[in-house]
Amino acid sequence: MLNILIVITIIVVALAFTAHYKNWVKTEKEDLEILSGIYFVKIPYANMDSIEMVERIPSMERINGFSVKEREKGVFKEDSLSKNKVYVYVDKLSQPKIRLVYQDSLKIFLNMPDSTETVSMFQFLSNKIHPPKE
């Protein structure tokens with residue numbers, strides 16, 4: 001019985017590690033979906049207000065989430081007085097991050113392990129928010 005419990009525990013830990021290992025970003029026709037473990041957000045492009053690249057994330061109060069080496073994932077508050085949630089999906093703290101504001105006040109900080117993927121995502125989202133004029 002103890003062996004079965006150990007095997008089940010190892011499987012659960014491996015699945016949790018795999019789920020949080022990286023950000024799973026999916027660009028659909030009408031919205032952006034971001035999944036990292038138990039953290040999921042779906043944002044219609046029409047609700048996106050602004051986007052910019054930032055070098056670091058500001059100091060915030062963690063509601064829930066985790067930090068491991070260069071990974072920072074979870075839900076945060078900007079400060080103790082604010083009720084606005086900030087979603088953080090950062091795979092590498094040392095690399096630039098996308099700061100996305102949607103629905104006027106909700107924020108996301110996002111990057112991928114590869115900085116070229118992050119830049120590509122930034123350009124894609126920038127074109128969704130501010131389509132090029134023809």
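Strand E5 (residues 61-68) and strand E6 (residues 71-77) run antiparallel and are joined by 7 bridges. Strands count as paired if DSSP finds at least two bridges between them. Valine 68 faces arginine 71 of E6 across the pair. The hairpin of E5 and E6 has 2 residues between the strands, and lysine 69 takes a positive phi there, near 50 degrees.

This is a predicted model, where local features need pLDDT of at least 70, side-chain atom pairs count only at pLDDT 80 or more, and totals for chains, interfaces and linings use all residues. Residues are numbered from 1 along each chain as its sequence is written, and side-chain values use heavy atoms, with hydrogens and water left out.

Side chains also connect E5 and E6. Arginine 62 and glutamate 72 meet in a salt bridge, 3.5 Å from N to O. A salt bridge here is a side-chain nitrogen of Lys or Arg within 4 Å of a carboxyl oxygen of Asp or Glu. The pair links distant parts of the chain: arginine 62 belongs to strand E5 and glutamate 72 to strand E6, 10 residues apart. Arginine 62 is partly exposed, because its relative accessible area is 38%. Glutamate 72 counts as buried, at 10% relative accessibility. The classes are these: buried is under 20% relative accessible area, exposed is over 50%, and partly exposed is in between (1.4 Å probe, protein chains only).

Now step back to the whole chain. The protein holds 2 helices and 9 strands. Both are DSSP runs numbered from the N terminus: helices (H or I) have at least four residues, strands (E) at least two. From the N terminus on, the order of elements is α-β-β-β-β-β-β-β-β-β-α. The C-alpha trace spans about 65 × 35 × 25 Å along its principal axes. Of the 134 residues, 37% are buried.

Next come the strands E1 to E3. They form an open sheet of 3 strands in the order E1-E2-E3, with antiparallel pairing. Strand E1 (24-27) and E3 stand at the edges with a single partner strand each, so one side of each has no neighbour in the sheet. From one strand to the next, the twist averages 10 degrees. That angle is taken between axes, which are lines fitted to C-alpha atoms (for helices over the stretch in contact), and it runs from 0 to 180 degrees between N-to-C directions. E1 pairs with strand E2 (residues 31-36) in the antiparallel sense over 4 bridges. Lysine 26 stands opposite glutamate 33 in E2.

How many salt bridges are there? The count comes to 7. One of them brings together the side chains of lysine 42 and aspartate 31, at 3.8 Å from N to O. Lysine 42 is partly exposed, because its relative accessible area is 46%. Aspartate 31 is buried, with a relative accessible area of 12%.

Another salt bridge joins lysine 107 and glutamate 78, at 2.3 Å from N to O. Lysine 107 lies in strand E9 (residues 106-110) and glutamate 78 in the loop between E6 and strand E7 (85-90), 29 residues apart. Is lysine 107 buried or exposed? Lysine 107 counts as buried, because its relative accessibility is 14%. Glutamate 78 is partly exposed at 30%. Salt bridges that share partners join Asp31, Glu33 and Lys42 into one network.

Aromatic contacts come next. A pair of aromatic rings is described by the distance of the centres and the angle of the planes. The structure holds 1 aromatic pair. The ring centres of tyrosine 45 and phenylalanine 124 are 6.0 Å apart and the planes stand at 75 degrees, so the pair is edge-to-face. The rule covers rings of Phe, Tyr and Trp (its six-membered ring) with centres within 6.5 Å; planes under 30 degrees apart are stacked, over 60 edge-to-face, and the rest tilted. Tyrosine 45 sits in the loop between strand E3 (39-44) and strand E4 (48-54), and phenylalanine 124 in helix H2 (residues 115-129), so the pair ties together parts 79 residues apart in sequence. Tyrosine 45 is buried at 8% relative accessibility, whereas phenylalanine 124 is partly exposed at 29%.

Methionine 1 is found in the segment before helix H1 (2-21). Methionine 1 counts as exposed, because its relative accessibility is 83%. Met1, Ile4, Ile8 and Val12 make a nonpolar surface patch of about 470 Å². Patch residues have over 30% relative accessible area and no salt bridge; like charges are joined within 9 Å, nonpolar side chains (Val, Leu, Ile, Met, Phe, Trp, Tyr) within 5 Å. Accessible areas come from the Shrake-Rupley method with a 1.4 Å probe, and for residues only the protein chains shown count as cover.
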